Amino acid sequence: MSILAESVGDIGIVRLNDEKSLNAISVRYDRALMKYCNECGAAVARRWIDQDERERYVCLSCGTVHYENPRVIVSCIVSVGDKILMCRRAEEPGRGQWAPPAGFLECGETLQQGAARETCEETGVTIDPDRLDLSGVINIPGIDQILVTFRIDLETLPVLRPGGECLEVTFLSEHEVPERDFAWRRLLGPASARFFNELRSRDFSINLITVGPSAGVGFSERYYKIQRRR
Ligand code: ZN
């Protein structure tokens, strides 16, 4: 394999003031750093590409231009009454932070299948991907990630079985989540509070959010109320 995944640590994250929150929301923050060409095995280097108006990895031997694109994170908000299923991270970055189950979408999966799989892996809760409703699309350009969140409401509390990446898994209401350790609330600002309000009223919206490079900078959101059929 010619693409070496390394921690982005000092190359992309360093400018983020609220780094810990951003890492926790984005689950992991590895960025693929390319060292060798996967066509010929020679070394690659960053070069300016005029027609794309950006730098890309270019093979120093065969000239192949290697394209990189953002990665997709899928997440699922599983609710029972006014509580949602939360995981407390066992690993850095963001150890100890609470967030709904989330992880990278795999090739060959739909967004909903990925969200259901991650939920099962992290919490032991099995959900039907076909029953998931879209909740939000969150741009996180600072770390080249797109987070797509879904939601599903269950009638009874399921049996929980925390996966290896979680210290703890439980259902919490808005005010049971410790403020300091709730990455989503700090990052998603009003969208987080609105979600819990909507959970109580069962009057949901779909959110389109952009998270900027640091807390309070470059944040924007729009939300679209879902009209119920009469
Ligand atoms: Zn090459």
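This is a predicted model: local features need pLDDT of at least 70, side-chain atom pairs count only at pLDDT 80 or more; totals for chains, interfaces and linings use all residues.
Residues are numbered from 1 along each chain as its sequence is written.

Let's begin with the whole chain. There are 5 helices and 14 strands; helices (H or I, at least four residues) and strands (E, at least two) are DSSP runs, numbered from the N terminus. Of the 230 residues, 32% count as buried, a residue being buried if 20 or more other C-beta atoms lie within 10 Å of its own, exposed if 12 or fewer, and partly exposed in between, with C-beta atoms placed from the backbone. Two residues are in contact if their C-beta atoms, placed from the backbone, lie within 7 Å. Among contacts between residues at least 6 apart in sequence, 59% join residues at least 24 apart.

Now to the strands, where two of them pair if DSSP finds at least two bridges between them. An open, antiparallel sheet is formed by 3 strands in the order 3-4-5. Its edges are strand 3 (44-49) and strand 5 (65-66), each of which pairs on one side only. Strand 3 is joined to strand 4 (residues 54-59) by 6 antiparallel bridges, and Trp48 stands opposite Glu55 of strand 4.

Finally, 2 bridges join strand 6 to the antiparallel strand 7 (residues 83-89), where Val80 faces Lys83 as its opposite residue. The hairpin of strand 6 and strand 7 has 2 residues between the strands, and Gly81 takes a positive phi near 60° in it.

Strand 6 leads us on to the core. The largest nonpolar core has 35 residues, and Cys76, Val78 and Ala99 have the most contacts inside it; such a core is a set of buried Ala, Val, Leu, Ile, Met, Phe, Trp, Tyr and Cys residues joined through C-beta atoms within 7 Å. Among the elements that give two or more residues to this core are helix 3 (111-123), strand 10 (133-140) and helix 5 (190-201). The largest share, 5 residues, comes from strand 6. Leaving aside neighbours within four places in sequence, Cys76 is in contact with residues including Pro100, Ala115, Leu132, Phe150 and Ile152.
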